[in-house]
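This report goes through one structure in short sections. Please look over the sequence and the model first.

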Amino acid sequence: MQSTLVSFPDGALTGEGEVLLVDQAASVVILDATPFHPVDHTWPDQPGDAGVITSGDVRVRVTEAVMAAISDEGALAVGSDIPVKRGGEGWTWMVGHRTDGAIPADIAVGARVALEVDADRRASLSRGHTACHLASLALDAALADLWRKEIGADPLGNPDFEGKANQSSRIHADGSVDEYRLGKSLRKAGFDSEGFASSLAERQQRINEMLAGWVASGGESRIVVDGPSIIDRRSWRCTLPEGEVGFLCGGTHVRSLAEFESITVSLDLSDPQLLVMTTTAVAA
Ligand SMILES: [Zn+2]
């Protein structure tokens, strides 16, 4: 068995595949190829695609695409039950299509089936994911003067607050929620937490002005892949007025910043140790 071939990086919403494995207990169908984007089990920031699998007149709903892995011994592990990180040795990496209830007999090993992703859900998650990355770059830029020591740079050349402090990122339809740890170790790394707390509203405004400028620029956004399978490395690249930015990312994205009417953030520091950034995208 080979790793699932995926077409979502090109923006595909439909496709065909041959059924390789049906697991009724786990309600999972695995195919040789799919347009479905799965939630990553190692860093589950973007939910998986939903949609339908069709064989002739028979349809089964896919509630969410997930990662699946088959060990060299033939054991199937799905989603958060996978005991190793993505790409780990000794496993073949697949996209699992989690179905709504029992899998009909027509969708059996060897059958060729049609696949269709819920386009509205994909589009809103893609907007949410691109907005999340842009907001984090704007956050790094707006906090740049708060660093008293040299730390690594982000793709725009600003001190990488995101890389140092981000502890979770959750993408949803047209937005995201990111949490940043502002503890002792960040202070030791040279971050002025008090200065940040006393200028929160001003920083938020700076981020929103930057985001408005980027949205207005209407730059290109795309996914670059190292190969055709789910296990090949993928990165997001985006053209901003400051230059092209990009980093490793397994998710889906808009094709152009012109797809946004606006992107805005709100910063919450009600727990002084935890910054919560809520990002809201509005489709054009
Ligand atoms: Zn990403």
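## A salt bridge between two domains

D49 forms a salt bridge with R122, and their closest N and O atoms are 2.7 Å apart. The model is a predicted one. Between domain 1 and domain 2 the count is one salt bridge. Side chains of opposite charge can pair when their charged atoms come close.

Across the interface of domain 1 and domain 2, ten residue pairs are in polar contact. On the side of domain 1 that touches domain 2, the elements that give two or more residues are strand 1 (5-6), strand 6 (58-71) and strand 8 (91-99).

## The two domains and their interface

The domain assignment of the protein chain gives domain 1 as residues 5-117 and domain 2 as residues 121-283. The C-alpha centres of domain 1 and domain 2 are 30 Å apart. In terms of contact, 28 residues of domain 1 meet 21 residues of domain 2.

The size of an interface is often given as the accessible area lost when the parts come together. Here domain 1 and domain 2 bury about 1,900 Å² between them, with 56% of it on carbon and sulfur atoms. Which residues of domain 1 lose the most area to domain 2? They are P9, D45 and Q46, which together make up 28% of what that side buries.

## The zinc site

Which residues are the protein donors of the zinc ion? They are H129 and H133, each through NE2, and C249 through SG, and these donors lie 2.1 to 2.2 Å from the ion. Along the chain, the donors follow the spacing H-x3-H-x115-C. The site links distant parts of the chain: H129 is in helix 1 (residues 119-142), while C249 is in the loop between strand 14 (243-248) and strand 15 (260-271), 120 residues apart.

Is H129 buried or exposed? H129 has 0% relative accessibility, so it counts as buried. C249 also counts as buried, because its relative accessibility is 9%, and the cut-off for buried is under 20%.

## Other salt bridges

A search of the whole structure finds 13 salt bridges. One of them joins D192 and R148, with the closest N and O atoms 3.4 Å apart. D192 lies in the loop between helix 3 (184-188) and helix 4 (193-197), and R148 in the loop between helix 1 and helix 2 (161-165), so the pair ties together parts that are 44 residues apart in sequence. The two partners fall into separate classes of accessibility: D192 counts as buried at 14%, whereas R148 is exposed, with a relative accessible area of 63%.

D226 and R233 form another salt bridge, the closest N and O atoms being 3.5 Å apart. D226 counts as exposed at 55% relative accessibility, and R233 is exposed at 53%. In a further pair, the side chains of R237 and E244 meet in a salt bridge of 2.5 Å, N to O. R237 is partly exposed, with a relative accessible area of 27%, and E244 is partly exposed at 39%. Salt bridges that share partners also join D145, E202, R203 and R206 into one network.

## The segment before strand 1

S3 is placed in the segment before strand 1. A polar atom of the S3 side chain lies 3.1 Å from the backbone oxygen of W93. Apart from its neighbours within four places in sequence, S3 is in contact with D32, T92, W93, M94, S229, I230 and I231.

## Two residues with positive phi

Most residues other than glycine have a negative phi. S27 is not a glycine, yet its phi is positive, at about 55 degrees. S27 is found in the loop between strand 2 (14-23) and strand 3 (28-31). With a relative accessibility of 17%, S27 counts as buried.

D174 is a residue other than glycine with a positive phi, near 55 degrees. Where is D174 found? D174 is in the loop between strand 10 (166-172) and strand 11 (175-181). D174 is partly exposed, with a relative accessible area of 21%.

Conventions:
Residues numbered from 1 in each chain as written. Predicted model: local features only at pLDDT ≥ 70, side-chain atom pairs only at ≥ 80, totals over all residues. Heavy atoms only, no water. Donors = N, O, S within 2.8 Å, 3.2 Å for Na, K, Ca; no water. Helix = DSSP H or I, 4+ residues; strand = E, 2+ residues; numbered from the N terminus. Buried < 20%, exposed > 50% of the residue type's maximum accessible area, 1.4 Å probe, protein only. Domains from an automatic or database assignment. Contact = heavy atoms within 4.5 Å. Buried area = accessible area lost by both parts, 1.4 Å probe. Salt bridge = Lys/Arg side-chain N within 4 Å of Asp/Glu carboxyl O. Polar contact = N/O pair within 3.5 Å; in protein donor to acceptor, adjacent residues only side chain to side chain.
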